[in-house]
Amino acid sequence: MGRQNSLVVNTVIIDHYDTLKDHVVWDPDVDYVVVTNTPGQHGKVESKYRVLEIDSFPDLDAARASRYPKILAHEFLADYDASLYIDGNRILTTGIRQFIEDSLQSRACKRFCVRLAEGQLLVG
């Protein structure tokens, strides 16, 4: 399964450090990707994600190894116009676009703001 949409929500799970979550809301116009070194071991919810398998990092513990695909997501998700990382221990309870809009109203937006304009995600 390849890219279906221009926006992707991604998570990273290395060596079972977290468990893959079944979100309450799955936006049909958003792709969901898990980057993992343990594909096929995340239960039935894994079928809702596009699975990108990576090699293990034998010199690093799971927490440190997971940082590589988080920080360099563009190397794994180059086909997408925009991506949003969601930590493996979080569950989305609202649509991702609603989440972004709600975030605009929060105090955190004063430090780092993500705007949704004409279907495009902009950082500003």
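**Aromatic pairs, sheet and nonpolar cores**

Trp26, Tyr32 and Tyr49 are linked into a cluster by ring pairs. The model described here is predicted. Three aromatic pairs are present in the structure. In one of them, the ring centres of Trp26 and Tyr32 lie 4.7 Å apart with the planes at 65 degrees, so this pair is edge-to-face. The two partners fall into separate accessibility classes: Trp26, at 24% relative accessibility, counts as partly exposed, whereas Tyr32, at 5%, counts as buried. An edge-to-face arrangement is also formed by Tyr68 and Phe76, with 5.9 Å from centre to centre and 90 degrees between the planes. Tyr68 is partly exposed at 37% relative accessibility, and Phe76 is partly exposed as well, with a relative accessible area of 22%.

Tyr68 takes part in a further interaction, through a polar contact of 3.0 Å between its side chain and that of Glu75. Glu75 belongs to helix H3, which covers residues 73-76. The relative accessible area of Glu75 is 47%, so this residue counts as partly exposed.

The strands form an open sheet of four members in the order E3-E2-E1-E4, with parallel pairing.

Strand E2 (residues 31-36) and E3 run parallel and are joined by four bridges. Within this pairing, Val33 stands opposite Arg50 of E3, and Leu52 in E3 is the bridge partner of Val35. In a regular strand, side chains alternate between the two faces of the sheet. In strand E3 (residues 50-53), Arg50 and Leu52 make up the covered face, while Val51 and Glu53 make up the uncovered one.

In soluble globular proteins, nonpolar side chains tend to be buried together. The largest nonpolar core of the model comprises 13 residues, of which Val9, Leu20, Val30, Tyr32, Tyr49, Leu92 and Ile96 touch the most other members. At least two residues of this core are supplied by each of E2 and strand E1 (7-13). The most is given by E1, with three residues. Apart from this core lies another one, of 12 residues, which includes Val33, Val35, Ile54 and Tyr80. With residues up to four places away in sequence left out, the contacts of Val9 are Val30, Asp31, Tyr32, Val33, Leu84, Ile86, Leu92 and Ile96.

His23 lies in the loop between E1 and E2. This residue is buried, with a relative accessible area of 6%. A polar contact of 3.2 Å joins the side chain of His23 to that of Tyr49, a residue that also belongs to the aromatic cluster with Trp26 and Tyr32. Residues up to four places away in sequence being excluded, His23 touches Tyr32, Tyr49, Arg90, Ile91 and Leu92. Among these contacts, Tyr32, Tyr49 and Leu92 are also members of the largest nonpolar core.

Conventions. Residues numbered from 1 in each chain as written. Predicted model: local features only at pLDDT ≥ 70, side-chain atom pairs only at ≥ 80, totals over all residues. Heavy atoms only, no water. Phe/Tyr/Trp six-rings, centres within 6.5 Å; stacked < 30°, edge-to-face > 60°. Buried < 20%, exposed > 50% of the residue type's maximum accessible area, 1.4 Å probe, protein only. Pairing = 2+ DSSP bridges. Polar contact = N/O pair within 3.5 Å; in protein donor to acceptor, adjacent residues only side chain to side chain. Core = buried A, V, L, I, M, F, W, Y, C linked by side-chain atoms within 4.5 Å. Contact = heavy atoms within 4.5 Å.
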